[in-house]
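Let's take a walk through this one together. Have the viewer open and follow along.

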Amino acid sequence: MADRERDSVSGTETTGHEWDGLKELDTPLPRWWLYIFYASIVVAVVYWVLMPAWPIGNGYTKGVLGFSDRINVTADVGALRSARAPMYQRLANASASEIAADPELQEFARAAGESVFGDYCRTCHGAGGAGAPGYPVLADDVWIWGGSLADIEHTLRVGVRADHPDTRMSMMPAFGRDRLLTSQQVDDVTEYAISISAASSRLQPDRAAAARGEAIYQEQCAACHGATGAGDRSVGAPSLNDDLWLYGGSREEIRRQVEMGRGGVMPSWERRFDAGTLRALAYYVHEMGGGEPDAPPAPVTTPAATPEPAQNGQPNAPLR
Amino acid sequence: MAKVTLIDTKARANEHAIDARAVNSKEARALYKKREQIYPKLAHGFFRNLKWAAMIVLLGIYYVTPWLRWDRGDGRVDQAVLIDFEGRRFYFFFVELWPQEVYYITGLLILAAFAIFLSSALFGRVWCGYACPQTVWTDLYIYVERAIEGDRNARMKLDAASWSWRKAAKKIAKHAIWILIAAATGGAWVFYFGDAPTLFRNIFTGQADPVVYLFIGLLTLTTYALAGTMREQVCTYMCPWPRIQAAMIDKDALSVTYRGDRGEPRGPHKKGDSWEGRGDCIDCRQCVAVCPQGIDIRDGDQLECINCALCIDACDDVMKKVGRPLGLIAYDSYANLDRRKQGNPDRYKLIRPRTILYGVLMAVVAAFMIYGLATRQTLALNVIRDRSPPFVRLADGTVRNDYALKLINMTDRARRLQIEVEGPTGVHLLAPALVLDGEVVAEAHADSVMNVRIHVVAPANIGAGSHRLRFTIRDIASGDVAVSDSAFLAGSTP
C-alpha cells in the first residue's frame, strides 16, 4: 500500500492496475456517505432492541417497545367502529322517509349499504343490483317478496330458502322432471303462461296449445301465481304478467322453468350484521330505483334471541 | 491625495495582500476542484440600493401577504390570499377559484413565462439579479454574515484563523440567525395554506398539524442550505435558467457588460500618468471582490453571471476616484460593442419586434384571463351515468337509466334549481323525493356541490342502443342555466 501511485490531477491513489495505458482511480467513499452508513448500522442495532425484529422458532423477538401492527390495527378498527356506532344506532331506528329527510343519515346509509353490498351481495346480484339469470335484479321494480324497506329488510334477515326458522320459503314443483305433467302438458302450460304475459307479442304463443294449457294452469299454477298470473308476494310467487323472467325469457327457458321448478337460495344475514347495517343495506337496495313506499308497519318477526352485534376480531365480522 | 496608491484606503492595501481572485472564472475551473468560498465585498451605489429596495419589497410581500384580511361575509374565509386544500378553494382577494378552474393558474404561469421572456429581451437576467428568491435570500444571508463577521477581508481572515472562542461565537451567532431566518421563511410559507392567525398560535402551542411542522422543517432546511451554504452553486449547477437565457437574449438586449473597447489594455495606473494609449481599466479587481458569483465580469458574458450589477457600482466608485468617466462596466448590448468598434454612436433599442411580440402576447393572455374571470360561471352541472346495470327494464316494459348529478353552486347563497331532461320522445325524470309542484327541484346549499341521484325513464319502444340526453339545471330565481350532455342506454328485448 505504501507506494501506490497518486494521480497528479485529483491527488487520489490509483488502483495500481493498468489496462492499455488506462489507470483507475481508487477514489475512497465520500466521508458523508460512509458516516451515514455507520450511523445506519447503529440505528439497525437499536431497532433490533426496540422493535420486533428476529424470528426465533415459532415466534420472534418482541422488542422492548412492544410495538405490534396487529394490535394497532385492531385498535384502529375498534375506534372506527365506536366512531360510527352512533350513526348505526340512529339508522337502526329510522324509517325510509326519516332517512330520506336527513341528508347526513342518507349519505351514511348509502355509503354503508354500498360497501356491505359490494362485499356480500354483489357476487350474485351484480354491481348496482344488475342481477343475473337465477339471481333477481334488485334495481328494477319487480319484487318477489315485496319491495318496501321493511319487506327488503325482512328478506335480508331471514333469507330465502335459508336455514333461518322463519325463512322466506316457496317451492315451485318440478312439473316435468317429477312427472306431474306430461311433456305435452308442460308445452301447453308454457304457451299459456306466455299468452298471459307481456311477452306474448314477442313470442307469439300457439293459441290452440295455450287454450289447452289454461285448464292445467288453473288447476296446477293459479293457487300461487293467481288466476290471472299476477303472482302473490305472500308466498313468493312471481308475477307472470310482465316480460321479466328470473330464469330467462326465451320460450325454451320459460318451458324449462315449468319443467324443473328451480328456486335459488339466499342466506339469512341476521346473524352476520347488526340492525344498523341491515337497515343501511335494505335502504341501499331500496334506493336502487325500484323501492316501494312502506306499507303500514308490517309485523317484523324479531326472534327473541336477537344476536348481539358482531364483536371485534371475529373472523367473519364485516369491517364496517 | 499625495499618495500614489490607487485608492488610498487601508482596505485597498489589504485587498492587494489577499488578492481578489475570481474563483469561478474559466481559468480557475477544474474538474476535481472543491468549491472555494466566495467573500463578496459590500458595494455602494445605485444598483446596491436598488437591490436593497427590491429585497425589502419582495420579502415584505412574502411575509405580509398571508396576514392581509378580506371580508367575504359571515362565516366565510377572511384571509386575502389562501390556498385551502381542505376546503378545495383558492382565494385571492376578490377571486375565489374551485379546483376545476385551475386553468386560471395556467394563464398566470403563461403570463409569468412571457414576463420573464420580455424582461430578458430588454434587460437580460434581471430576474436572476434582483427578484429570484435564491438571490434575495442569499443577499439577506450575506447581509447577516457581513454584520457579524465583517466585510470581505475580515471574513477571509476569520476563516483563515485558527479556532478561538471569538471565532466560535461569531460562527454560532451567524448560523443561529440564519436558522431563525430560515424557520421564519418556512413559517411564513405554511400561512398561505391555512388561517394565518390561528396557525401562528397553534404552531407555538404545539397544536398544529404534524404536516405543518414537516413543511416548516423542510423549508427551514432548504432555505438554510440554499441561501447559507450553497449560494452561487444553485445558480450555476442546479438552475436551468442560465442554460435557457442564451435563447432569450439577443444582441440588443441589455446586460451587465464590461466595455472592453474602453477598458483595454488594462493595467495599474499611477496618479499623474497619462491615460493616452491605454484603457480605463486599472485592474484593481474591485469588480471581482464584490461579485457574489466569484467571476470576473471582464471575461465577458458568462453562465455564472446573474447580472446583479454590483460590479457596476464597484467600478463606478473606482472611476470616480481616478477621474475617468463612469460606466466602464454598465448595462450595455453586444450591438453597441460592435457599433463602437465601427466608430458609430451607441443606440439603445428597447422596442424591437421580439419585445413587441412578447408585449402583445402578454396583453392577449391577460385579456383572456380578465374576460374569463369577468364572465365566470357560478353554476355548473356534472352528470355521471351509472354503468352497472347499464339499463333496467321495468315491469310495464319501460326502460330506466340511473344518473348521479353533481349540482355545483359557486355562490354564497342557497339556490333552488329546477332539473330538466331533454331526449327522445317520452323520456322523463323520475325523482319522487325531489318533486315540487310537478317540477323536479333541488335545493343546492351555498358554496357547495350537491349530489342528486336521479332516474330517467323511457318508453318501451325506445329502441336498442345509445340515445342522446341533455340535462339542464335552472336557477329559478336568477335564471342561470348549466347544461350537461349524457346518454341513455337501452337493450333489445329479452
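Start at B:Pro265, which sits in the loop between α12 (260–263) and α13 (286–290) of chain B; helices (H or I, at least four residues) and strands (E, at least two) here are DSSP runs, numbered from the N terminus. The peptide bond that joins B:Glu264 to B:Pro265 is cis, with omega about -10°. Chain B has another cis bond to show you, between B:Ser388 and B:Pro389, with omega about -5°. B:Pro389 belongs to the loop between β6 and β7 of chain B. Over in chain A, look at A:Asp20: its phi is near 45°, a positive value in a residue other than glycine. You'll find A:Asp20 in the loop between β1 (14–19) and β2 (22–25) of chain A. As background, most residues other than glycine have a negative phi, and most peptide bonds are trans.

Some housekeeping before going on. This is a predicted model, in which local features need pLDDT of at least 70 and side-chain atom pairs count only at pLDDT 80 or more, while totals for chains, interfaces and linings use all residues. Residues are numbered from 1 along each chain as its sequence is written, chains are lettered from A and ligands numbered from 1 in the order in which they are written, and side-chain values use heavy atoms, with hydrogens and water left out.

Now zoom out on chain B, which has 16 helices and 15 strands. Its radius of gyration (taken over C-alpha atoms) is 33 Å, well over the 23 Å that the globule rule (2.2 Å times the number of residues to the power 0.38) gives for 494 residues, so chain B is more spread out than a compact globule. Along the principal axes, the C-alpha atoms of chain B fill a box of roughly 115 × 60 × 45 Å.

Chain B is split into domain 1 (1–376) and domain 2 (379–490); the bounds come from an automatic or database domain assignment. Taken over C-alpha atoms, the centres of these two domains of chain B are 57 Å apart. Where they touch, domain 1 of chain B gives eight residues and domain 2 of chain B seven, contact meaning heavy atoms within 4.5 Å. The two domains of chain B bury about 540 Å² between them, with carbon and sulfur atoms giving 47%; buried area is the accessible area (1.4 Å probe) that two parts lose on being put together, summed over both. On the domain 1 side of chain B, the residues that lose the most area are B:Arg76, B:Trp98 and B:Gln100, together 67% of what that side buries.

What holds charge across this boundary? Three salt bridges are counted between domain 1 and domain 2 of chain B, each a side-chain nitrogen of Lys or Arg within 4 Å of a carboxyl oxygen of Asp or Glu. B:Arg76 also makes a salt bridge, with B:Asp447 (3.6 Å, N to O). The side of domain 1 of chain B that touches domain 2 has one nonpolar, one polar and six charged residues; Ala, Val, Leu, Ile, Met, Phe, Trp, Tyr, Cys and Pro count as nonpolar, Asp, Glu, Lys and Arg as charged, and the others, Gly among them, as polar.Across all chains, the structure holds 54 salt bridges. One of them pairs B:Arg376 with B:Glu101, the closest N and O atoms being 2.8 Å apart. B:Arg376 lies in the loop between α16 (353–374) and β6 (379–385) of chain B, and B:Glu101 in the loop between β3 (95–97) and α3 (103–123) of chain B, so the pair ties together parts that are 275 residues apart in sequence.

Next, the interface between the chains. Here 13 residues of chain B are in contact with 19 residues of chain A, and the area buried is about 1,300 Å², with 58% from carbon and sulfur atoms. Between chain B and chain A there are zero salt bridges. On the side of chain B that touches chain A, the elements giving two or more residues are β7 (392–393), β8 (399–409) and β13 (448–458) of chain B. By class, that side of chain B has six nonpolar, three polar and four charged residues.

Domain 1 and domain 2 of chain A bury about 780 Å² between them, 64% of it on carbon and sulfur atoms. In domain 1 of chain A, A:Gly134, A:Ile144 and A:Trp145 lose the most area to domain 2, together 56% of what that side buries.
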